[in-house]
Amino acid sequence: MQHHEFLARVRELGEYDSQDEAEKVTEAVLGVLAQRISPGEVEDLASQLPAPLGQTLAEAKPEQAESFGIEDFYRRVADRTGARPRTAEWDAGAVLTTLAGAISGGELNQILSQLPSGFAVLFGKADLAS
C-alpha cells in the first residue's frame, strides 16, 4: 500500500475533512503504538509500511516497550492530537484498521500478541477481542 493510499483509507474510515488531518491522526496513533510494542516489532512493522509511516515509527521507537492498557492508549493519542479520549478511540480505530489491511497477517498476529485482547477490536478484529 502506498503512503497516499494509506492516508486516503484512514481519511475514509475516520471521516476526516482533509488528508492533512488523516496524516496527523495517523502519526499520533502510530507513535503511541510504537511505545507499546517491542522495539524489534516496531522495526518489523516499519519495514512493511510506506517510508514516511515507517519513519514515524522509527522516531517513536523506545528502548523497551511500555506496558499500558487501552484507556491509557486513548489518552496518549488524545494528548498528541488535542482531542478527547472518545475521539481518540475513533482515531485509533481508523488508523489501526487501515494498518491491519496494509501488513501481513503474520505481522498483525505478532503485534496483537504483544497487546491486551481489548486492542484487537481497534484493528478490526473483534473476533479476537474476547
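I began with Leu30, which has its place in helix 2. I took helices as DSSP runs of H or I with at least four residues, numbered from the N terminus. The model is predicted, so that local features need pLDDT of at least 70 and side-chain atom pairs count only at pLDDT 80 or more, while totals for chains, interfaces and linings use all residues. Residues are numbered from 1 along each chain as its sequence is written, and side-chain values use heavy atoms, with hydrogens and water left out.

**Entry 1: Leu30.** I then listed the contacts of Leu30, leaving aside neighbours within four places in sequence: Leu53, Thr56, Leu57, Val95 and Leu99. Contact here means heavy atoms within 4.5 Å. I also noted that Leu30 and Glu12 are 18 residues apart in sequence and 18 Å apart in space, C-alpha to C-alpha.

**Entry 2: helix 2 against helix 4.** Two packed helices are described by the angle between their axes and the distance between the axes. For helix 2 (residues 19–36) and helix 4 (residues 51–60), I found an angle of about 45 degrees and axes 8 Å apart. Helix 2 is therefore oblique to helix 4; angles under 35 degrees count as roughly parallel, over 145 as roughly antiparallel, 65 to 115 as roughly perpendicular and the rest as oblique. Axes are lines fitted to C-alpha atoms, for helices over the stretch in contact, and angles run from 0 to 180 degrees between N-to-C directions.

Which residues meet? From helix 2, I recorded Thr26, Glu27, Leu30, Gly31, Ala34 and Gln35; from helix 4, Leu53, Thr56, Leu57 and Ala60. The residues of this contact divide into five nonpolar, four polar and one charged.

**Entry 3: Gln35.** Gln35 also lies in helix 2. With a relative accessible area of 17%, Gln35 is buried. Not counting residues up to four places away in sequence, Gln35 touches Ala60, Pro62, Ala65, Glu66, Phe68, Arg76 and Arg80. I found that the side chains of Gln35 and Arg76 are joined by a polar contact of 3.3 Å. Such a contact is a pair of N or O atoms within 3.5 Å; within protein, one must be able to donate a hydrogen and the other to accept it, and residues adjacent in sequence count only if both atoms are side-chain atoms.

Notes
Helices (H or I, at least four residues) and strands (E, at least two) are DSSP runs, numbered from the N terminus. Ala, Val, Leu, Ile, Met, Phe, Trp, Tyr, Cys and Pro count as nonpolar, Asp, Glu, Lys and Arg as charged, and the others, Gly among them, as polar. Buried means under 20% relative accessible area, exposed over 50%, partly exposed in between (1.4 Å probe, protein chains only).
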